[in-house]
Every structure is written in C-alpha cells, then in structure tokens.
Amino acid sequence: GVINQSMGTGTGFATMTGVANVNTTAVGNVGVGTDDLMTYSLPANSLSANGKGVRVTAWGTGANNANAKTVTLAFGGTTLVSTVLTISQADVWWVEGIVIRTGAATQEAFAELTQGGTVTLSDVEQSNPAETLSGAVTIKCTGTATADNDIVQEGMVVEMLN
C-alpha cells in the first residue's frame, strides 16, 4: 500500500519515496566501444498506475586523457541522456533521471548529466519512453570510450516515486 506522511504542520500529505536499489561497487569500461556499467532491473508492474515514477541518480569519473568518452543513462530501450565528456581533464560526472508513468506503455522522462572539472557542462533532455511496464525494464548507465577505465561509474541509486 501507499504510505503518506504529513507535510510539516500543514494539512497536506506526501507519498513516501523508497530506495529500490543502491550500488556503490565501482565499474569501468573495458577497451574500445560501449560497455554496460551499472544496471538495475525494475521489476514488472513496479509502475502499476499513472503518476508512479522512478528516479535514478548515478555518478562517476572520467580519465584525464585525450580519449573520447560518452556517458549514457537509459530506461529500457530509451536513451534518457547521452553526453560527451570533456577530454584532457579529470572529469567527475553526475546524472539524474526521472521517469513517470502516463499510461500502461507510455512515460514522461527528464534527465540531466552534469560534468565537473576545469571545464563544466550540463546536458538536460526530455523524452517520452514507450516501455511496456507489465514486464521488467532495464535501467542502466553505459560508457563509450577507448581504453580501460576511461569512464568509471562509482555509484547508482534507484528510488521509487509512488
């Protein structure tokens, strides 16, 4: 069932947010190409009604070299955000995505990837995934790079917004 909490001393109530998964085992890309870094399988029917959602927060680093590096956050087959990191600097990156169910196979999504370092950047994207929520949905970060550990994902937290 849904657990509500009072909002301060007012008359309003907020639905509780719950942590579905935490992963802090660092993983880096391997060689040339795209590698899955951290993944989470959102169980079937987790977003069982319109308005239910999931928030994904992930973070990591990029090597200080001239290799091209791209970090991507995906919800099922939909890329929520994909950003090319700045080369030749020690990067730190953070990405957050929110997906809200609007129908049995439709969602509204927003994601932002921020890179820190000598050069900072922010990439904000909006999308409309069309994942069938009666089945499991894979949430993942990928890294596309050239050499081992050009991109290292340090952590990922998945929260249910129900």
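**Exercise 1. Is D36 buried, exposed or partly exposed, and which residue does D36 pair with in a salt bridge?**

Solution. At 45% relative accessibility, D36 counts as partly exposed. The classes are: buried under 20% relative accessible area, exposed over 50%, partly exposed in between, with a 1.4 Å probe and protein chains only. The partner of D36 in a salt bridge is K140, and the closest N and O atoms are 3.2 Å apart. A salt bridge here is a side-chain nitrogen of Lys or Arg within 4 Å of a carboxyl oxygen of Asp or Glu. D36 belongs to strand β5 (residues 33-42) and K140 to strand β12 (residues 137-145), so this pair ties together parts 104 residues apart in sequence. K140 has 23% relative accessibility and counts as partly exposed.

The model is predicted: local features need pLDDT of at least 70, side-chain atom pairs count only at pLDDT 80 or more, and totals for chains, interfaces and linings use all residues. Residues are numbered from 1 along each chain as its sequence is written, and side-chain values use heavy atoms, with hydrogens and water left out.

**Exercise 2. How many helices and strands does the protein chain have?**

Solution. The protein chain has zero helices and 13 strands. Helices (H or I, at least four residues) and strands (E, at least two) are DSSP runs, numbered from the N terminus.

**Exercise 3. Where is G116 placed, and which residues is G116 in contact with beyond its neighbours within four places in sequence?**

Solution. G116 is in strand β10 (residues 106-116). With a relative accessible area of 17%, G116 is buried. Contact means heavy atoms within 4.5 Å. Leaving aside neighbours within four places in sequence, G116 is in contact with Q89, A90, D91 and V92. V19 lies 97 residues from G116 in sequence, and their C-alpha atoms are 26 Å apart in space.

**Exercise 4. What radius of gyration does the protein chain have, and what percentage of its residues count as buried?**

Solution. For 162 residues, a compact globule would have a radius of gyration near 15 Å; the protein chain has 17 Å, which agrees. The radius is taken over C-alpha atoms, and the globule rule is 2.2 Å times the number of residues to the power 0.38. The C-alpha trace spans about 55 × 35 × 25 Å along its principal axes. Of the 162 residues, 41% count as buried. Among contacts between residues at least 6 apart in sequence, 70% join residues at least 24 apart.
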